[in-house]
Amino acid sequence: MFALAMPLVVLLSWFTQNQFEQRLHSFSEHQQVIEYGRVKREFVATLSERRDELLQIRTALELDQPQVLEHLLARNYFERLRILVINHYGELHPLLPQNRAIDSSTASLLEQLARPLEQETFQFERSGFAQLQNNEFALITLPLKHRQWRGIVLVQSIGDEQMLALIQSHANLKSATLTRASKSPQEQQLPMLFGKPLALQLQFDLDAINNFTSQAAAVFMQTMLLALSVLLGLYLLQRRLLLQPLSSFVARLQQVRDRDVSAPLPVATGTELGQLAQDCNELFRQRHQQQRQRDSLLRAVNDAVVVVDNDARIELVNPAAEILLAVEHGPVQHCTLQELVAGEAGAQLDNDLRELLNSSRVSLDSEVQLPKSGEVLKYSVVRTLDGQGQTLGAVMVMRDMTKNLQLKMQLQHRTQRDSTTKLFNRQVFERELEELANKPGQHAVIYMDLNRFKLINDSCGHTAGDRMLHDVSAEMRQNIRNQDILARIGGDEFGLIMPDSSALEVAKVLKNLSERVQGITLYWDSGSYKVGISIGVAFYRGEQTPYETFKDAEIACSVTKAKGGEGQIHFFDSLDQDLAHQRNAPLWAMKINDAIVNDDLVLFYQPIEPTDGNNNGKRKCEILLRIKEEGGRILAPGQFIAAAERFNLMPQVDRAVIRKSFEWLARNPHLWDSQVISINLSGTTLNSDGLVSYVEQMVKTYRVPTHTVCFEVTETAALTNENHALEILNELRRRGFAFSLDDFGSGFASYGYLRRLPVDYVKIDGVFVQNLATDDKDYAIVKSIHDVCQVMGIETVAEFVEDQETLERLQEIGVTYAQGYGIGRPKDLATYEPLGNADDALLQSLLS
């Protein structure tokens, strides 16, 4: 160490001295540049001083002040400055004091300056230096406003006398001369008027700086010798007190470095080495403890752990890795994974390790299959770094994923398959259905529904039902093509996708499938059961979404079930109006809901008049419902009522009609004593909860008398849930509302039911009234209904009265009221006006 320190001290001293001299030299040069600039500025500044003199002379000339001019000329002549003027012809003349003649020097000056100054325009002020015939001059030219002269010039000859004065004014300036500027820097050139460029050449006195440099070198040499002496003394002291004991201490460390002990070094108390030995023993103890913890952790980890060095060679494996790789810990050290694991698996593990170690990545995840056992290993590799971020190696953690993959496959199979039938479930079917959008061609989408399956579940239990489903699905699978997708999409509902199929091919497959399903017999508890099947088919050709095609197939299947078809196959036809209405039913349901929310329901009315023309009693009309679209178009109920009934929206629709009818009555209190309105109630509304309380709420809100309202219900609606309907009718009747039984005669009611229903009016179905004038059977039915009602004290209303002949036959029978286009067409309730006397007379003439 001392052998290295001595040259370093010498080298450092030499370098320091050299740097000091260079800095001193640079400082000296910098100071010279600054001083040169200051001298040059002072030298050039003489021009500005002479300019003031020349300005005074020009002023005296222009103002014609001869005495001032004479004084100024004399002073300048004494200072060896010459004043020249040039006339308008370009001739140069001197301006001299009166007692002075042109001497030889002045004549020579005129001769030298005549030619250069002839080129001057004297339009502007100019100043600078000039060299003519080896003579240097300082010149200032000014324009002159004079009748005789156009310019004035001040000339000062620059010689040794001026240079000497310049040297004497600066203590550190040794010499100063004017030389021709050829290769000198630009900042050294003097401002020139004409002639070749000149530069001010200066030489400075450097004796003081050289003396200071010599003294500094001597100081540096003495300092270097002193430092070498101190260093040598410290080395000898260090060798005696520290190096020899430390060498012994290091030798001891080398002996115990690889021993797995917790305190290998003897501790000598009271010395620095003793404290160092104690600290080393503490480090050994911590290392020993960490090794024990690491070994315990690796044994406790169920995953296989392999630790490799920076060359991808194994340093450590845990017991799980020994079992997984079928190796032992000792022999595998310093081996590569490619040497331990045969085939492509070993090469992949080794390549991934080396790729991670040679890249900037921190971790890597992948999986591999072992060639012998077939086990699938999922592994993660993480690079290990030291405190400075340098790579030490990597740790690979491997996990046997074979069982997990098997469980995953089983779980995936369960999530895709129906547990009862082993067919695809609804989720898989919907996913395959969506995929049809990416497949060109014609694809059949089939909806199948079992008939009488509920009978098996209700009679024999779900175990028997599951058995029937299993047998049905087995027959279905055997009768479809390999590329077809069959799924159970509901309790007894199945979906089938037949890609790239024609209608003939689909019909052939489904006919055979239907026959096989209907041939299945389930024997259970001494009983036998069979099921039927209804099938709807729709084709996807890219004209709509696959889901819409599936809905068309469902509609076609529902048509088959509605017709009571057993084993029938119905193909959806977009030209079929009934199917089109069912397809659009969801859209109509949305429109109805929006109309209720946005208050777009419009009420119409149709008058109900007495057949005998007697209008002394209260007038009656039936409230009819319409929907107003955005463009103002009014939709008739035939377009949306079926959708409302299908999607159970009739309770909301009827309540909206009740509310709007009560609003209208509240706005027209003058009609309360002369008008009765009839409001229709559907069967679902009649059987819904809260109808009576809602009507009571409307009465309280709008304060409408109950005798102005009559509710109409069909006999089918009234008898679907007879007890509940009777309870509702009686509750409302006790509150003062009247009731009318609508469409009487077309349902399944008998006169016995009529006797129990608390109704005030019976509306005879229009199917018996339309041909009343020509059909004796209809006449007899209408007369029978009227006679029975008359005996029971119930008034009758005939619907669909469209001509005078029909009205006359009704008068013969004695029917109380008539309604139809022959009496009055439906109109907007907002336009309702009560009939006056003239209108009564006209209506009576029509009815008489």
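This is a predicted model: local features need pLDDT of at least 70, side-chain atom pairs count only at pLDDT 80 or more; totals for chains, interfaces and linings use all residues.
Leucine 11 has its place in helix α1, which covers residues 2–62.

## A patch of negative charge

Now move along to another surface patch. Which residues gather in a patch of negative charge on the surface? They are Glu802, Asp803, Glu805 and Glu808.

Take aspartate 803 from that group. You can find aspartate 803 in the loop between β28 (795–798) and α26 (804–813). With a relative accessible area of 37%, aspartate 803 is partly exposed, because that label is used for values between 20% and 50%.

## Two arginines with a positive phi

Here is a backbone feature to look for. Most residues other than glycine have a negative phi. Arginine 452 is not a glycine, and its phi is near 65 degrees, a positive value. Arginine 452 lies in the loop between β14 (443–451) and α13 (453–460). Is arginine 452 buried or partly exposed? At 41% relative accessibility, arginine 452 counts as partly exposed.

Arginine 703 also has a positive phi, of about 55 degrees, although arginine 703 is not a glycine. Its loop runs between α21 (691–702) and β25 (709–714). The relative accessible area of arginine 703 is 69%, so this residue is exposed; the cut-off for that label is over 50%.

## Aromatic pairs

How many aromatic pairs does a search of the whole structure find? The search finds eight. One of them is formed by phenylalanine 539 and phenylalanine 571, with 6.1 Å from centre to centre and 10 degrees between the planes. This pair is stacked, because planes under 30 degrees apart get that name.

What about their surroundings? Phenylalanine 539 has a relative accessible area of 13%, so phenylalanine 539 is buried. Phenylalanine 571, with 29%, is partly exposed. The cut-off that matters here is 20%, since buried means a value under 20%.

Ring pairs also join Phe429, Tyr447 and Phe550 into a cluster.

Technical notes:
Residues are numbered from 1 along each chain as its sequence is written. Side-chain values use heavy atoms; hydrogens and water are left out. Patches are made of residues with over 30% relative accessible area and no salt bridge: like charges are joined within 9 Å, nonpolar side chains (Val, Leu, Ile, Met, Phe, Trp, Tyr) within 5 Å. Accessible areas come from the Shrake-Rupley method with a 1.4 Å probe; for residues, only the protein chains shown count as cover. A salt bridge is a side-chain nitrogen of Lys or Arg within 4 Å of a carboxyl oxygen of Asp or Glu. Lys and Arg count as positive and Asp and Glu as negative; His and the chain ends are not counted. The place of a charge is taken as NZ of Lys, CZ of Arg, CG of Asp or CD of Glu. Helices (H or I, at least four residues) and strands (E, at least two) are DSSP runs, numbered from the N terminus. Buried means under 20% relative accessible area, exposed over 50%, partly exposed in between (1.4 Å probe, protein chains only). Rings of Phe, Tyr and Trp (its six-membered ring) pair if their centres lie within 6.5 Å; planes under 30 degrees apart count as stacked, over 60 as edge-to-face and the rest as tilted.
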